[in-house]
Amino acid sequence: MRRIVPVATVLALTLAACGGGGMSKAEYRAAAKKVCVDAEKATEEVEQPTRSTPEAIVDYLERLLAANERTTERFEKLDPPEKLDKPHADILAANREGAKTVRQVIRELEQGKDAREVLQSSTSRLRDLGERSNDAAERLGVPECVQ
């Protein structure tokens, strides 16, 4: 279960690529840093389940996604400089896929599928998406967004 938490943090950046070059690199990086630091804090505040039942896991994942959605609203307002458009788009694409994967995990758990199997089957995908997101965060020059 612990492997999902860092990906959930990454999911906090789930947004629509808007690019356009309105912010300077320094402004963009400072704003992105703030969003990532706040996202990490919000994720840490979501208490992990004390039981390993599908219901407890679903509740936990839904609370993480809700925190991530609030963060996403803030991050959507960022307008990266043109030179950062590509890694910005890359991190967003990886994070959208991560959110989609976590939502699929929730659906499968709600359908009564075995929690261990569902979580194990999604771990590799979430890890790969986390690595893609981390790579993009490094190219953005925002180490605070790397998990």
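This section describes how helices H2 to H5 pack in a predicted model, and then the features of H4 and H5.

Helix H2 covers residues 25-45 and helix H3 covers residues 54-75. Their axes lie 10 Å apart, and the packing angle is about 165°. An angle over 145 degrees counts as roughly antiparallel, so H2 is roughly antiparallel to H3. The crossing of this pair, H2 and H3, is right-handed.

Helix H3 also packs with helix H4. The axes of H3 and H4 cross at roughly 155° and come within 10 Å. That angle makes H3 roughly antiparallel to H4. The H3 and H4 crossing is left-handed.

The next pair is formed by H4, which spans residues 85-110, and H5, which spans residues 115-140. Here the axes are 8 Å apart and the angle between the helices is about 170°. H4 and H5 are therefore roughly antiparallel to each other. Their crossing is left-handed. Sorted by class, the residues in the contact of H4 with H5 comprise 15 nonpolar, six polar and seven charged ones.

The extent of H4 and of H5 can be set against the expected span. H4 contains 26 residues, and the distance from its first C-alpha to its last is 37 Å. This is close to the 38 Å expected for H4 at 1.5 Å a residue. H5 likewise contains 26 residues, and it reaches 36 Å between its first and last C-alpha, close to an expected 38 Å.

In general, an α-helix has 3.6 residues a turn, so residues three or four places apart point the same way.

Several features are found at the helix ends. Just after H4, Gly 112 adopts a positive phi of about 90°. At the start of H5, Asp 114 places a side-chain oxygen within 3.3 Å of the backbone nitrogen of Arg 116. Just after H5, Gly 141 takes a positive phi of about 80°.

In summary, H2 is roughly antiparallel to H3, H3 to H4, and H4 to H5. The crossing of H2 and H3 is right-handed, whereas that of H3 and H4 is left-handed, as is that of H4 and H5.

Conventions
Residues are numbered from 1 along each chain as its sequence is written. This is a predicted model: local features need pLDDT of at least 70, side-chain atom pairs count only at pLDDT 80 or more; totals for chains, interfaces and linings use all residues. Side-chain values use heavy atoms; hydrogens and water are left out. Axes are lines fitted to C-alpha atoms, for helices over the stretch in contact, and angles run from 0 to 180 degrees between N-to-C directions. Helices (H or I, at least four residues) and strands (E, at least two) are DSSP runs, numbered from the N terminus. Angles under 35 degrees count as roughly parallel, over 145 as roughly antiparallel, 65 to 115 as roughly perpendicular and the rest as oblique. A crossing is left-handed if the near helix is turned anticlockwise from the far one by less than a right angle, and right-handed if clockwise. Ala, Val, Leu, Ile, Met, Phe, Trp, Tyr, Cys and Pro count as nonpolar, Asp, Glu, Lys and Arg as charged, and the others, Gly among them, as polar. The expected span of a helix is 1.5 Å times one less than its number of residues. A polar contact is a pair of N or O atoms within 3.5 Å; within protein, one must be able to donate a hydrogen and the other to accept it, and residues adjacent in sequence count only if both atoms are side-chain atoms.
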